[in-house]
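Student: I am new to this structure and would like to go through it step by step. Could we look at it together?

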Amino acid sequence: MEYHKMSKPQVKIVNAETGEEVTRDANAEELAQMEIDAINVANRKAEAATKEAQRQAILDRLGITSEEAKILLGA
Amino acid sequence: LSRHNPKQDRQNRQQLCLGLAQSHCVSIVADSATATGLKWDTPAAGGGMTLLSTTSLTGNSVTISSISGSYKHLYIYARDISLSTNDNVNVRLNSDSGSNYSFSRIRLSDTTLTGYSPATLTYIEILEAIASAAWNEEGFFELTIPRYTENEIKAFWNNAIGKGPTSKKSDWRHGSFNSTSAISSVTVFAEAGGTTFSSGTVYVYGVS
């Protein structure tokens, strides 16, 4: 996701000593970090989806539901 | 009832104890200003919690900076967190986005208990919150960082409750932060950069 092409995410910074609050657009460094985070999230979700697909394929091969698998495993 | 500590007696302080444990004692000291000539001794200074910051969660990311290093421990509590879309809420310390956070997690997802121990991450995963401000779907968490100013690797403990798209999730995380710097800022952010906080308040306490 390219955040610089969208309305920019807002970043709030609060100074705990003075109470001063600043709300501003995310700067270039913060936008770059958000893009890295988004890639990591996408990778994690893809990994989870792959595992779920593998799990479902095994259940299909066995011809049982996930509830029945839980009973089998004593979960 | 027994009387303790002759040395303190010489300082005009009497200790009256139930049994022998020091923790079961009370002290009385001489005070000529009272009618009886006695008063309860001033208790030793104890610990306490000082609220350092109360901050509303808005936008994508909120950083509480310039956190005082005058306390022993740092305690953070956040409540009523909801987001513009289903997303996770994470935390970074000292704006450190390196792979310096390691933790394991126990999650009770409705009635299913699972464990999770990812490789080092670039943040502390905190909770999954939903795009709803319904009272039983908001996210809440606490994060404790003992001895947060010491020149040592930091441990952290986190408990959280949130309701994801399909289930209620209670999380317990224990981990460490690979930094020897004193912690002076905490950033709470929605995982996807396009997500914004719809509600939420973060309280930062210094614990003496």
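Predicted model: local features only at pLDDT ≥ 70, side-chain atom pairs only at ≥ 80, totals over all residues.

Student: Let us begin with chain A. Which helices and strands does chain A have, as a count?

Tutor: Chain A comes to 2 helices and 2 strands. Read from the N terminus, the order of these elements is β-β-α-α.

Student: And is chain A compact or spread out?

Tutor: Chain A is more spread out than a compact globule, because its radius of gyration is 22 Å, well over the 11 Å that the globule rule gives for 75 residues. The C-alpha trace of chain A spans about 60 × 30 × 15 Å along its principal axes.

Student: What area is buried between chain B and chain A?

Tutor: The buried area is about 1,700 Å², and carbon and sulfur atoms give 46% of it. On the side of chain B, the residues that lose the most area to chain A are Ser66(B), Glu191(B) and Gly193(B), which together make up 23% of what that side buries.

Student: Why would one quote an area for an interface at all?

Tutor: The accessible area lost when the parts come together is often used to give the size of an interface.

Student: How many polar contacts and salt bridges cross between the chains?

Tutor: The rule finds 13 residue pairs in polar contact across the interface of chain B and chain A. It also finds 2 salt bridges there.

Student: Does E6(B) pair with chain A in the parallel or the antiparallel sense?

Tutor: E6(B) and strand E1 (residues 10-15) of chain A pair in the parallel sense, over 5 bridges. Within this pairing, Ile64(B) of E6(B) has Val14(A) opposite.

Student: Back to salt bridges. How many does the structure hold over all chains?

Tutor: Over all chains there are 13 salt bridges. One pair joins two chains, because Arg92(B) lies in strand E8 of chain B and Asp37(A) in helix H1 (residues 28-62) of chain A. The closest N and O atoms of Arg92(B) and Asp37(A) are 2.8 Å apart.

Student: A change of topic: what does E14(B) pair with inside chain B?

Tutor: Strand E14 (residues 168-177) of chain B pairs with strand E9 (residues 101-109) of chain B in the antiparallel sense over 9 bridges. There, Ser176(B) in E14(B) is the bridge partner of Ser102(B). E14(B) also pairs with strand E13 (residues 154-163) of chain B, in the antiparallel sense over 10 bridges.

Student: How many residues lie between E13(B) and E14(B)?

Tutor: There are 4 residues between E13(B) and E14(B), and the two strands form a hairpin. Gly162(B) stands opposite Lys169(B) in E14(B).

Terms used: Residues numbered from 1 in each chain as written. Chains lettered and ligands numbered in written order. Heavy atoms only, no water. Buried area = accessible area lost by both parts, 1.4 Å probe. Salt bridge = Lys/Arg side-chain N within 4 Å of Asp/Glu carboxyl O. Polar contact = N/O pair within 3.5 Å; in protein donor to acceptor, adjacent residues only side chain to side chain. Pairing = 2+ DSSP bridges. Rg over C-alpha atoms; globule rule 2.2 N^0.38 Å.
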